[in-house]
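Please read them with the structure open.

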2 protein chains.
Amino acid sequence: MNQTITWKKHLKICLLFLLLVSVQLKADPLPSWNNGPTKNSLIQFVREATEKGHPHFIPIEERIAAFDEDGTLWVEQPLYTQFFFALETLKSLAAQHPKWENQEPFKSILSGNKEVIQNLTLPEMEQILVVTHTGMTVEAFHKQFKKPFTELVYQPMLELIQFLRSHQFEIYIVSGGGQEFMRAFAQKVYGIPPSHVIGTAGKVKYDYQNGRPVLVKTPELLFVDDKEGKPEGINLVIGQRPVAAFGNSIGDQQMLEWTQAGSRKSLQVLIHHDDAQREYAYGPESKIGTFSDALMAKQRGWIVVSIKKDWNRIFSWQSKSDDSSPPKLR
Amino acid sequence: MNQTITWKKHLKICLLFLLLVSVQLKADPLPSWNNGPTKNSLIQFVREATEKGHPHFIPIEERIAAFDEDGTLWVEQPLYTQFFFALETLKSLAAQHPKWENQEPFKSILSGNKEVIQNLTLPEMEQILVVTHTGMTVEAFHKQFKKPFTELVYQPMLELIQFLRSHQFEIYIVSGGGQEFMRAFAQKVYGIPPSHVIGTAGKVKYDYQNGRPVLVKTPELLFVDDKEGKPEGINLVIGQRPVAAFGNSIGDQQMLEWTQAGSRKSLQVLIHHDDAQREYAYGPESKIGTFSDALMAKQRGWIVVSIKKDWNRIFSWQSKSDDSSPPKLR
């Protein structure tokens, strides 16, 4: 018990600690993003929002960030991921529904008619989602990437979520996808709990089965969380205007506008799928994830992310592309 | 720089710190609750839920507590508080609606007919809530207590919320009251942010006014957060089953049942208003806050709080009643 610590020793430990902290601060928070104006803007927004006294400082309780899912956090081509799960569910349910054999679009889907599947209208897809109550009880694989869909999340976006979270932003998913469908994997895939998943929601009915209370899904929709439904859903579930919003299509326009109309300096980001080689390239003509000049993104000061130019890898299992120079942060 | 700290000194500081911590632990977390079985049960639930290795331990991400508001967190007699705000709003709007002068129930309310006001049916009240879009833009005072309603929150329940929160429970309000109405004061009064307020919600419509995006209220209801609507609303907004639920009337039955049907050891509490001297006494005959034997609270293992016996004061501005002996925790 005679051992002593000198103040010198103390000082050394302190300096070592400060050094570690500063190394940590200089580490690149977005390693899958190429250096350039897009990455700089994202980092600048977070730095200013979290710097006390800065005119763009945002108090912690207002740091709310909303992310679309399909095409923003994971692959949405050739069809929405949820729909592939619905097709798998449909096949597993077919034996219980013999009349589907003579009823379109079920008949063609069950017979594996690719042309019909590719050309389904959105209302037909919705009909299938409703009858299947799509959950994640089945497995579905992406044919081109030969991967389960949960491995087709965008690594640069996971880094962005982590970067925002480490600066005390609350992260919400605000997607046209089914709320219960997304809740089944959002915690595992994105670290986002069920209370932070806003999506298209069906009505549920409280009932009893053998005296035990249950919530039973009904075929009616409560609300569609797409386009104007996104700010409406945000208002219902969060009750506050986000300060950052991320999307990729005309379905996200209203959410970005709504976020921008707040009194704080805010961030609007659109992911542009322009990389046919590594993922997909699609724009104004696409049935899914329509990205059009009518969004007037640049005129409004929204950041447009070019997957081709801004991301040095798309998925965690890919190696970085050549043009990823070592990060040089300001 | 030659000064040294001996390990002995270190040890002394550590012991002092531990002493402070243990004093803190022994401080009564619920000073407005009388000692007895009710208080003991509440404390025991929290202790077990937060003790690692205990069979009733609840992981942090599942610690969700749901509180009804009217009659559970604040006064609901002689009529729901929101309704008094609606009456004040109605008066302030009357000049813009001359036809109310000849239209019931508006005519009688505006003329101050107490008998009519006391005997309004629930659908009539709803009609008034809809036309007034009641917010907190007006002030309303409770006649008996001569206090603004935000000072008529129950001090013992504020302590309970704080006690749960300090043990990493997430606190939600789940009330039949209007969601936007409650959000206007929940942060200030209970420390509960808008995202944690679930209530009866009207539809809103995303629109533009002078090119600026706005959410406009419509007269339609999206859902009624009462009775079976409470577990339905919890499912929509939280997406997880709470482990603790607090209510005071038949409107809370389903929320308590739903909470109890989970796999964890959970807590169900009903506040019984049996103190005509300090607040109100009402039961199965009451139009508002009906508390009936049909709830079978005790048979189900629900805790029934007697305001008369269990609370030594009801509001923060009251002094403690005589029977508050010094706390004796196990």
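**Notes on the predicted model**

1. Start with a charged pair. Arg300(A) forms a salt bridge with Glu257(A), and their closest N and O atoms are 3.1 Å apart. A salt bridge here is a side-chain nitrogen of Lys or Arg within 4 Å of a carboxyl oxygen of Asp or Glu. Arg300(A) sits in the loop between strand S9 (267-272) and strand S10 (303-306) of chain A, and Glu257(A) in helix H10 of chain A, so the pair ties together parts that are 43 residues apart in sequence. Over all chains the structure holds 20 salt bridges. Side chains of opposite charge can pair when their charged atoms come close.

2. Conventions. This is a predicted model, in which local features need pLDDT of at least 70 and side-chain atom pairs count only at pLDDT 80 or more, while totals for chains, interfaces and linings use all residues. Residues are numbered from 1 along each chain as its sequence is written, chains are lettered from A and ligands numbered from 1 in the order in which they are written, and side-chain values use heavy atoms, with hydrogens and water left out. Helices (H or I, at least four residues) and strands (E, at least two) are DSSP runs, numbered from the N terminus.

3. The interface. Chain A puts 40 residues into the contact and chain B 39 residues; contact means heavy atoms within 4.5 Å. The area buried between chain A and chain B is about 3,600 Å², with 61% from carbon and sulfur atoms. Buried area is the accessible area (1.4 Å probe) that two parts lose on being put together, summed over both.

4. What crosses the interface? The rule finds zero salt bridges between chain A and chain B. It does find 20 residue pairs in polar contact across the interface of chain A and chain B (both at pLDDT 80 or more). A polar contact is a pair of N or O atoms within 3.5 Å; within protein, one must be able to donate a hydrogen and the other to accept it, and residues adjacent in sequence count only if both atoms are side-chain atoms.

5. The chain A side. Elements giving two or more residues to the side of chain A that touches chain B include helix H1 (7-26), helix H8 (179-190), strand S6 (197-209) and strand S7 (212-223) of chain A. S7(A) gives the most, with six residues. The residues on this side divide into 21 nonpolar, eleven polar and eight charged. Ala, Val, Leu, Ile, Met, Phe, Trp, Tyr, Cys and Pro count as nonpolar, Asp, Glu, Lys and Arg as charged, and the others, Gly among them, as polar.

6. The sheet of chain A. Seven strands form an open sheet in the order S7-S6-S5-S2-S8-S9-S10 (chain A), with mixed pairing. Two strands pair if DSSP finds at least two bridges between them. S7 and S10 of chain A are the edge strands, and each pairs on one side only. The twist averages 30° from one strand to the next. Strand S8 (residues 244-247) of chain A pairs with S9(A) in the parallel sense over four bridges. There, Gly247(A) stands opposite Leu270(A).

7. Helix H2 (residues 37-49) of chain A touches S8, S9 and S10 of chain A, and its direction makes about 135° with that of S10(A). H10(A) also packs on the sheet, at about 165° to the direction of S8(A). Axes are lines fitted to C-alpha atoms, for helices over the stretch in contact, and angles run from 0 to 180 degrees between N-to-C directions.

8. The S6-S7 hairpin. In chain A, S6(A) and S7(A) run antiparallel and are joined by eight bridges. Gln209(A) stands opposite Arg212(A). Two residues lie between the strands, and Asn210(A) takes a positive phi near 55°. In chain B, strand S6 (residues 197-209) and S7(B) pair in the antiparallel sense over eight bridges, and Asp207(B) stands opposite Val214(B).

9. Backbone points to check. Most residues other than glycine have a negative phi, and most peptide bonds are trans. The bond from Glu104(A) to Pro105(A) is cis, with omega near 0°. Gln77(B) and Pro78(B) are also joined by a cis peptide bond. Gln168(A) has a positive phi near 60° and lies in the loop between helix H7 (155-165) and strand S5 (170-178) of chain A.
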